[in-house]
Amino acid sequence: MNKMKVLLASFATAMTLAACSNAPKLATQPMPRSGFLPDYNLLVPMASADKDTRIWRYRISGVNPGSYTAVILDPIYLNQNATKSVSLDDINKAKAALQASMVEAVNSRGTIKIVNKPGPGVARISVGITGAESSADSLQPWNFTPIGLAMNAAAYAGGVNSKTPALLVESKITDSQSKQLLGEGLITIQGESFRTNAGSADSFVAMAKKVVRSALETSANPVPTGQ
């Protein structure tokens, strides 16, 4: 994956691109729904500069983003249990690295502080990472754990498995007091972009850091999606 730049585009344009006869198979599959986000029906597809990256986002209208000056960062959710190839230490290190990446992303904005308690002007950010596979029928979430999938991606690249590995990163922003949903986003990374960066727990973290940051930017984008 060379770029994670997100280009905003209208829903009509995105649908037109997806409908083209020469569109990649991955781009025509339905949005995966893992259950992490509260309402997938609100999400609107966005255009991406990367053919292996798909993006959906939602941002509420009628709320001044400037009224939020602080955020609570929930511990990142990683759908990964310890296995023969992925130790508990690998998992804990991945979570710590990704959590630190989230803190760095928020701090880099300069205008938002990180707090631990709900209050006026405080938003809550939650991020979840899972693995998935793209079969002949559709993209099915939760079929694979993300670190294990990254470490076994060579089997896919070698043609051992005809299904396509993918990485899903989902994020949501809510009001810390009212629990009102302010924004949410979903990003999938599939195909060669996933395989090229796969092979170990460390390479998974390096790739996931970039996607997590993009996921935060997607859900935090203040432009309403019109729903």
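This briefing walks through the salt bridges and the nonpolar core of the structure above. The model is predicted, so please read each value below as computed from a prediction. It holds three salt bridges, and its largest nonpolar core has 45 residues. Let's take the charged pairs, then move to the core.

**A salt bridge between distant parts of the chain**

- D74 and R124 join their side chains in a salt bridge, with 2.5 Å from N to O.
- Where do the two partners sit? D74 is in the loop between β4 (70–73) and β5 (77–78), while R124 belongs to strand β7 (residues 122–134).
- This pair therefore links distant parts of the chain, as 50 residues separate D74 from R124.
- Is D74 buried or exposed? D74 is buried, because its relative accessible area of 17% is under the 20% cut-off.
- R124 has 22% relative accessibility and so counts as partly exposed.

- K93 and D89 form another of the salt bridges, and their closest N and O atoms are 3.2 Å apart.
- Both residues are in helix α2 (residues 88–107); because they are four residues apart there, about one helical turn separates K93 from D89.
- K93 counts as exposed, because its relative accessibility is 53% and the cut-off for exposed is over 50%.
- D89, at 41% relative accessibility, counts as partly exposed.

- R213 pairs with E217 in a salt bridge, where 4.0 Å lies between the closest N and O atoms.
- How many residues apart are R213 and E217 in helix α6? They are four residues apart, about one turn of this helix, which spans residues 201–220.
- R213 counts as partly exposed, at 31% relative accessibility.
- E217 also counts as partly exposed, with a value of 46%.

**The largest nonpolar core**

- Which of the 45 residues in this core touch the most other members? They are L43, V127, I129, L167, V169, F204 and V212.
- Several elements give two or more residues to the core, among them the strands β2 (44–48), β3 (53–59), β9 (164–175) and β10 (181–190).
- β4, α2, β7 and α6 also give two or more residues each.
- Which element gives the most to this core? Helix α6 does, with eight residues.

**A closer look at V212**

- V212 is one of the core residues that touch the most other members.
- Leaving aside neighbours within four places in sequence, V212 is in contact with I76, L98, M102, V127, I129 and V169.

Conventions
Residues are numbered from 1 along each chain as its sequence is written. This is a predicted model: local features need pLDDT of at least 70, side-chain atom pairs count only at pLDDT 80 or more; totals for chains, interfaces and linings use all residues. Side-chain values use heavy atoms; hydrogens and water are left out. Buried means under 20% relative accessible area, exposed over 50%, partly exposed in between (1.4 Å probe, protein chains only). A nonpolar core is a set of buried Ala, Val, Leu, Ile, Met, Phe, Trp, Tyr and Cys residues joined through side-chain atoms within 4.5 Å. Contact means heavy atoms within 4.5 Å.
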